[in-house]
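Subject: Structure for you to look at

Hello,

Here is the structure I said I would pass on. Please open it first, then read the notes below it.

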Amino acid sequence: MVFNACALLVRRGVSVSRLTIPVRAVVYSQIKPLSNVRSFSVCRFSIRSTESSRISTDPLPYCGIVPVRCLSSRSKMSAIATYEEVLDLPNHPEKLLIDVRNPDELAETGKIPTSINIPLDQVKQAFGPETEAEQFRKLYGVAKPQPDHYLILSCRTGRRSQMALDTITELGYRNARNYKGSWTEWAAKQQEAAK
């Protein structure tokens, strides 16, 4: 019942990074993933119960909030790219693979074919409105993607690429994916295929 309110907000296009919901009446079995909720977690913290002087770590009924990360209904929930999809990128020049690792990491390990490098600390500025198309092309060697361009983001293990995905989603890019396995999975599968 509480999460229905979140679903309603999301269906109406509300995009929030954190939504707090009181959970005094929520039962764990009621917490179910919604199509537009990326993740949620129940806070566990100790507070002094009003019924006794002992400290309680039981989240219910004393826990007061459940943080929920919601996405706009325009966002795609299947925001994960697979190894097979990345492997097939040379056949799809309309798709863009962006590696958000630092250049020194790329020099050390190598890169996935067809990828361009935009370090994580440059992602917000690169995809933001302050970067003109011509400037983007000079910096990264490709045309600046439009908000509906198919993008795949990668890094070493998928953590930084998820952060980059969150950043560009907030900037209006609606068709981006995180290659969750990233370089670690790519290198392992390429090595395995070479045997």
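What covers the buried residues of α5? The cover includes β7 (96-99), α6 (133-140), β9 (151-154) and α7 (159-170). Please keep in mind that this is a predicted model.

Helix α5 itself spans residues 120-127, and its buried residues are V123, A126 and F127. Looking down the axis of α5, these buried residues fall within an arc of 85°, so they line one face of the helix. The other side of α5 has D121, K124 and Q125, which are exposed.

Why does N178 count as buried? Its relative accessibility is 1%, and buried means under 20%. Leaving out residues up to four places away in sequence, N178 touches A79, I80, A81, L153, G158, S161, Q162 and L165. With one of these, S161, there is also a polar contact: the side chains of N178 and S161 meet at 2.5 Å.

Now for the protein as a whole. Its secondary structure consists of eight helices and 10 strands. The protein has 195 residues, and 39% of them count as buried. Among contacts with a separation of 6 or more, 65% are between residues 24 or more positions apart. The accessible surface is about 11,500 Å², and carbon and sulfur atoms account for 53% of that surface.

Regards

Notes. Residues are numbered from 1 along each chain as its sequence is written. This is a predicted model: local features need pLDDT of at least 70, side-chain atom pairs count only at pLDDT 80 or more; totals for chains, interfaces and linings use all residues. Side-chain values use heavy atoms; hydrogens and water are left out. Buried means under 20% relative accessible area, exposed over 50%, partly exposed in between (1.4 Å probe, protein chains only). Helices (H or I, at least four residues) and strands (E, at least two) are DSSP runs, numbered from the N terminus. The arc is that of the directions from the helix axis to the C-beta atoms. Contact means heavy atoms within 4.5 Å. A polar contact is a pair of N or O atoms within 3.5 Å; within protein, one must be able to donate a hydrogen and the other to accept it, and residues adjacent in sequence count only if both atoms are side-chain atoms. Accessible areas come from the Shrake-Rupley method with a 1.4 Å probe; for residues, only the protein chains shown count as cover.
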